[in-house]
Amino acid sequence: MLATHAAAHAEPGRNATASTDPPSGRVHPVSGSHVTFLHRITRSIEQRLRPRVHLLGRSFSAYNLFGLAGMALAATIALGLTYVKGLSILLMISLLLVALLLSTIHIVLTVLRTGKDSLVYLRYFLSIMAVTALLLRILDQPILPYLENLMLGIGAMQGIGRIGCLRVGCCYGKPARYGIRYTLLHARAGFPDPLVGVRLFPVQLVESGWILFSSGVGLTLAATHPIAGYGFASYLVLFSTGRFCLELLRGDTARSYTGRFSEAQWLSLLIVASVVLLEFMQVLPFAYWHMAIGCGCLLLFLFLQLYYFNTGPAQLKTPESLHALARAIQLLNKGRQDKLAGAHAVHLRKTAAGLKVSDGLLEHNQAKIHHYTVSYATQHMPIRDAQTLARVLHSWHDAEEKSKLIHQNNNTFHILRYQSTKS
């Protein structure tokens, strides 16, 4: 059967004679068949992921409920810092109401443009910063103390809001060996149907932890440092650097890109660069570690731009490529189950990027094997690309399964996933 799939992947004009003999290519181990502590943790998280929360006999969207909880935390932090510093509580309440109004405007505009109820955080965050600074300037009030208190509260709000994202399945991560799986309940709430059951890296949970850590550092420094703005600048540098890195683990396609970087990555770079520049201009209190982190972020940007994004494995793991692969596998499963071209036919799918994939099921020596055959339509497939695909496809299966990569020829590879049926 594997040779049959290899023949189907062959270039036009090649001999595609079917055979049941096993391929004679080299075998490359990919992964073992053991369930680790991390697998148990992610499975525990999965069991608690529901897009809706039931309280007091009513059902609420987890996204909206955690968003409201985040707003309450933001108000508590902003008003608490304002009280501790002896600033005007009435003015801070007014600024919080302005922030609430702007969030409503952002959500309404997003619904009108996309039909979805969501809030693009960095756009909202930057607009709040600009409007707040302008209002304080008009009212002839000190900008940094009030701006610091308000924005640290809003920063912590996002840390709580990301838990809502985790529960409903938005802003999800890329396929991963250690990941969480969403269900048809999430698909009915808007999660992509081809990714149902696929293990995805819980980037929302990691980002939530990082945001709360960054906010905690900023809050501590804002409450203890004698110069206003130091805590706020520290939060901006930490949060933006983390967001730039975590975007590399995001798998959703509901974001705009300029070049190889997402909108959030460009804005994160802009924020870090602006903080360092304002510190040199003595608008913000200077800190050497801010500059060091900024330089590290710049070096990472250059590495990604000049090397990482130009390699085959990186191309295969872009959100667009992963969604195309997921859709191809979904169609292959449907075609095999419906037996659209016969019980033993080879169903072949090709993505827009030129990746060809087919799959099948067989039993051999008391083992049930699910195999994939992959190749490129117009070029040879390097071994590292095949290994990347094997690791990605690992997330489509149970952790207990073993995996092998078989090198059929210079362009065709077989990826075998199997679990012994022996008692």
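## A nonpolar surface patch

In this predicted model, L68, M71, Y83, V84, I89, I93, L97 and L100 make a nonpolar surface patch of about 790 Å²; patch residues have over 30% relative accessible area and no salt bridge, and nonpolar side chains (Val, Leu, Ile, Met, Phe, Trp, Tyr) are joined within 5 Å. The elements giving two or more residues to the patch are α3 (62–84) and α4 (89–114), where helices are DSSP runs of H or I with at least four residues and strands are runs of E with at least two.

L100 is found in helix α4, and its relative accessibility of 42% makes it partly exposed, that is, between buried (under 20%) and exposed (over 50%), with a 1.4 Å probe and protein chains only.

## Helix α6

Helix α6 covers residues 143–168, and its end C-alpha atoms lie 37 Å apart, which agrees with the 38 Å that its 26 residues should span at 1.5 Å a residue, the expected span being 1.5 Å times one less than the number of residues. Because 22 of its 26 residues are buried, α6 is largely enclosed by the rest of the structure. Just after α6, G169 takes a positive phi of about 95 degrees.

## The surroundings of H397

H397 lies in the loop between α14 (383–394) and β10 (402–407) and is buried, with a relative accessible area of 9%. Leaving aside residues up to four places away in sequence, H397 touches R199, H370, Y372 and R417, contact meaning heavy atoms within 4.5 Å. H370 is 27 residues from H397 in sequence, and their C-alpha atoms are 9.4 Å apart.

## Basis of the values

Residues are numbered from 1 along each chain as its sequence is written, and side-chain values use heavy atoms, without hydrogens and water. Local features need pLDDT of at least 70 and side-chain atom pairs count only at pLDDT 80 or more, whereas totals for chains, interfaces and linings use all residues.

Terms used: Patch = residues over 30% accessible without salt bridge, like charges linked within 9 Å, V, L, I, M, F, W, Y side chains within 5 Å. Areas by Shrake-Rupley, 256 points an atom, 1.4 Å probe, with all protein chains shown as cover. Salt bridge = Lys/Arg side-chain N within 4 Å of Asp/Glu carboxyl O.
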